[in-house]
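Please keep the sequence and the structure in view while reading.

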Amino acid sequence: MSDDNKNLSDDLDDMIGDAKESAKRAGEKISQKANELADDAKELGKEAKEKASEFASEAKEKASEFADEAKEILSDGKNIGIISHVYWIGWIIAVIMNNSNKTELGSFYIRQNLGLFLLSFFVWIPFLGWVLGIAIFIAWVMSLISSLSGEKKPTFLLGNQFQEWFKGL
């Protein structure tokens with residue numbers, strides 16, 4: 001081989017060696033960077049888990065508070081009294097609600113409205129029934145206003161008797 005070819009061969013070998021060395025260093029840098037990114041990803045994953053756990057804990061706490069407040073509102077005697085004024089359907093719902101957690105105020109208005117509803121069957125009597133119907137409506141409105149304020153006021157139409165007659169409710 002001639003000197004020129006040998007020099008070219010040596011230069012080529014040096015260049016290949018340099019390229020291998022550069023590729024090796026680049027591979028190491030890439031590997032190091034990949035490890036750093038993997039560590040960062042693991043750290044972010046841990047932080048995300050912590051945040052998700054905190055969020056889930058807060059959501060569970062808020063849901064529990066909401067359930068407690070809803071239970072308190074639904075078991076409140078004032079609400080039961082108001083619901084009992086919504087003709088027969090409301091009255092039945094109020095009775096069911098009051099059975100699970102009896103309140104004095106709720107029971108009071110359940111009895112009042114049962115009496116008023118039963119009296120309303122007499123409105124079919126000519127003339128006397130019409131006057132009775134107006135009186136029942138006025139008593140119902142006064143009862144509703146009293147239940148809205150949370151006070152126990154018997155109606156002027158047999159209110160005290162309704163409490164005695166229907167005391168089983």
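## A nonpolar surface patch

Which residues form a nonpolar patch on the surface, and about how much accessible area do they have together? The patch consists of I134, F137, I138, M142 and F156, whose accessible area together is about 530 Å². Patches are made of residues with over 30% relative accessible area and no salt bridge, where nonpolar side chains (Val, Leu, Ile, Met, Phe, Trp, Tyr) are joined within 5 Å and like charges within 9 Å. Accessible areas come from the Shrake-Rupley method with a 1.4 Å probe, and for residues only the protein chains shown count as cover.

One of these residues, F137, lies in helix α5 and counts as exposed, at 51% relative accessibility. The classes used here are buried for under 20% relative accessible area, exposed for over 50%, and partly exposed in between (1.4 Å probe, protein chains only).

## Basis of the model

The model is predicted, so that local features need pLDDT of at least 70 and side-chain atom pairs count only at pLDDT 80 or more, while totals for chains, interfaces and linings use all residues. Residues are numbered from 1 along each chain as its sequence is written, and side-chain values use heavy atoms, with hydrogens and water left out.

## Overall form

The protein has six helices and zero strands, and from the N terminus its elements follow the order α-α-α-α-α-α. Helices (H or I, at least four residues) and strands (E, at least two) are DSSP runs, numbered from the N terminus.

The radius of gyration of the protein is 42 Å, whereas a compact globule of 169 residues would have one near 15 Å; this quantity is taken over C-alpha atoms, and the globule rule is 2.2 Å times the number of residues to the power 0.38. Along the principal axes, the C-alpha atoms fill a box of roughly 140 × 30 × 25 Å, and buried residues make up 24% of the 169 residues. As an example of spacing, the C-alpha atoms of G133 and K62 are separated by 48 Å, the two residues being 71 apart along the chain. G133 is found in helix α5 (residues 128–149) and is partly exposed, with a relative accessible area of 23%.

## Salt bridges

Side chains of opposite charge can pair when their charged atoms come close. With a salt bridge defined as a side-chain nitrogen of Lys or Arg within 4 Å of a carboxyl oxygen of Asp or Glu, the count comes to three. In helix α1, E36 and K33 lie three residues apart, about one turn of the helix, and their closest N and O atoms are 3.7 Å apart.

E104 forms a salt bridge with K152, the closest N and O atoms being 2.2 Å apart. Because E104 lies in helix α4 (residues 104–119) and K152 in the loop between α5 and α6 (159–165), the pair ties together parts that are 48 residues apart in sequence. E104 counts as exposed at 57% relative accessibility, whereas K152 is partly exposed at 39%. K153 forms a salt bridge with E151, with 3.1 Å between the closest N and O atoms.
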